[in-house]
Amino acid sequence: MNEVAKIKMEKADVSIFSTIESFEHWQRVAKMISSSDIVPKAYHGNVSNTMIAIELANRIGISPFMVMQNLDVIQGRPSWNSTFIIAALNSCGRFSAIRFVFEGKEGTDEYGCRAVSKDSEGLILTGPLVNWKMVKDEGWLSKAGSKWKTMPELMFQYRAASFFGRLYAPDILKGMHSADETMDIIKPTQKENHSQQELERLNSHLDNCDTVDDVEILEESLSGQDVSETVSKAIAAKKSELKLNLQ
Amino acid sequence: MRTDFTDYRFRASSLGTLMTGLGKPKLSATTQTELKKLHRQEVFGKRTDIRSKYLDKGIQCEELSITLYSEVKNQFTVNNKTRKENDFLSGECDNAQKIIREFKTSWDLSTFPMYDEEVKNKDYYWQCQAYMELWDLDEAELIYCLVNTPEGLIIRETYYMENKLGFADVGLPDELQKEIINNMTFDDIPKEFRVKVFKIPRDKEAMRQAETQIEMCRLYLNELSVLLAGELVTAL
């Protein structure tokens, strides 16, 4: 490697966005990497995503390819694979390998798991407890397609590791959540999703209402139903709109 | 933990499983088996809910099915959120706008009752009867809908087929993959063909018989509790 390249590498260690030269250099690298067939889909042909992956890799000191393999972009949010979090924590040298301790009686809300490790001085580091109560209260279980329903043991361990990492090694995770966690946060709950679809359905019917009578017929069909406030408001708004048009 | 079933209210969706041999003085063996299963669940708090891809699609696509029905029938339909119960039953129907509407999402074209003229599944018939009783409505519609399978379930099916056909390492050939997607998505079939409605009138007489059957079921559940208690005494 020549001197210029060395300087560029050193600068890149700080941030690939810190100087124009560094940016241009890494942009060229990103173009090359993103044109490869073996990079994951989110990065293939996407120089911007690849640049971010390189920046992140530089910041946490691992190869860009490893970042690309383990960083999922879920609805625009970069999120680490849970297995990567565990591997990163285990290999960072600050702790002994993470162990998972299950607590509470299986089948109860108290049943859950926490990640435990020891630091270099032998002090026990205990991660926050993730139990069924938390899973239910946070609404993770009720998400459509929730993996908590199908593979709870694994999800307990993944989530416990993620919490542990954010508590004891936030610099490694760079404030990012695990992919599973992001799915739980981002995906609308089934109920919200239902309400949204119901509202879309209503709007499509309201669009077909040309007169106040049409809206009233629709309103009448809902009498005695436990409809949401949003539905009631949308109907009232349409009625007002049609009345105004009439005037 | 429940051991006294004197006032036990059966779920509307499970009513059909208890109705074999209705009107006879003794519970049928099938009903007894169902009741033993229920007793185990209630006493020990362990649900043996059957998880299947069919159920998963039903749960995930409920709103899509309601939307499809709403479009085809030009009827704004809301998802009922109220649970009701009487002295015998409890349940939460899908929709109760003037009539009961119970939605069933078919897994694929082969399980969609396109050519059927009457309800083949007696469990659904009883489920609708139970809802009509609970909501005091005189008509029910059992509505089968054929909507696109969610991506997650298609992926699961692909994964299953890969393993079944020995393509676990290399992935399914494109042709097979396309076939799976084609068989699990239905945008190419007109919407009108993807909604099948069976009208079910309320049968009050049948419900009175069902209530008598429920009383017998309760007695049997209590007998099972006594049997279990006897086991415990013997063990002690």
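**A walk through the model**

Let's start with B:Leu22, which is partly exposed, with a relative accessible area of 25%. Before I go further, keep in mind that this is a predicted model.

So where does B:Leu22 sit? You'll find B:Leu22 in the loop of chain B that runs between strand S1 (10-11) and H1. Leaving out residues up to four places away in sequence, B:Leu22 touches B:Trp126, B:Gln209, B:Ala210 and B:Gln213. Take one of those, B:Gln209: 187 residues separate B:Leu22 and B:Gln209 in sequence, yet their C-alpha atoms are 7.2 Å apart in space.

Now jump to another partner on that list, B:Gln213. This one belongs to helix H7 of chain B, residues 204-235. Is B:Gln213 buried or exposed? Its relative accessibility is 2%, and buried means under 20%, so B:Gln213 counts as buried. And what is B:Gln213 in contact with, once we set aside neighbours within four places in sequence? There's a run of residues, B:Leu18, B:Met19, B:Thr20, B:Gly21, B:Leu22 and B:Gly23, and then B:Leu27 and B:Thr31 as well.

At 18% relative accessible area, B:Gln32 is buried, because the cut-off is under 20%. Beyond residues up to four places away in sequence, B:Gln32 touches B:Lys26, B:Leu27 and B:Tyr220.

Let's stay with H1(B) for a moment. Its buried residues are B:Thr31, B:Gln32, B:Leu35, B:Leu38, B:His39, B:Gln41, B:Glu42 and B:Val43. When you look at a list like that, remember that an α-helix has 3.6 residues a turn, so residues three or four places apart point the same way. Just past the helix, B:Gly45 takes a positive phi of about 65°.

**Stepping back to chain B**

How many helices and strands does chain B have? The count is seven helices and six strands. Following the sequence, the pattern reads β-α-α-α-β-β-β-α-β-α-α-β-α. Of the 236 residues in chain B, 46% are buried. And here's a number I like: take the contacts in chain B between residues at least 6 apart in sequence, and 78% of them join residues at least 24 apart.

**A few loops**

Back to phi angles for a second. Most residues other than glycine have a negative phi. B:Lys98 isn't a glycine, and its phi is near 70°, a positive value. You'll see B:Lys98 in the loop between strand S3 (89-91) and strand S4 (100-105) of chain B, and at 48% relative accessibility B:Lys98 counts as partly exposed.

B:Asp136 is another one, with a positive phi of about 55° although it is not a glycine. B:Asp136 is in the chain B loop between helix H4 (122-135) and strand S5 (139-145). Its relative accessibility is 54%, and exposed means over 50%, so B:Asp136 counts as exposed.

One more loop: B:Thr111 lies between S4 and H4 of chain B, partly exposed with a relative accessible area of 40%. B:Thr111 and B:Tyr54 are 57 residues apart along the chain, with 10.0 Å between their C-alpha atoms.

**The second largest pocket**

Which one gives the most? That's H6(B), with five residues. By class, the lining has seven nonpolar, one polar and five charged residues.

**And a helix in chain A**

Last stop, H3 of chain A, residues 47-60. With 14 residues at 1.5 Å a residue, H3(A) should span 20 Å, and its end C-alpha atoms agree, at 20 Å apart. The N-terminal end of H3(A) is capped by A:Asn46, with a side-chain oxygen 3.3 Å from the backbone nitrogen of A:Ser48. The buried residues of this helix are A:Thr50, A:Met51, A:Ala53, A:Ile54, A:Glu55, A:Leu56 and A:Ala57.

Methods: Residues numbered from 1 in each chain as written. Chains lettered and ligands numbered in written order. Predicted model: local features only at pLDDT ≥ 70, side-chain atom pairs only at ≥ 80, totals over all residues. Heavy atoms only, no water. Buried < 20%, exposed > 50% of the residue type's maximum accessible area, 1.4 Å probe, protein only. Contact = heavy atoms within 4.5 Å. Helix = DSSP H or I, 4+ residues; strand = E, 2+ residues; numbered from the N terminus. Nonpolar A, V, L, I, M, F, W, Y, C, P; charged D, E, K, R; others polar. Expected span 1.5 Å × (residues − 1). Polar contact = N/O pair within 3.5 Å; in protein donor to acceptor, adjacent residues only side chain to side chain.
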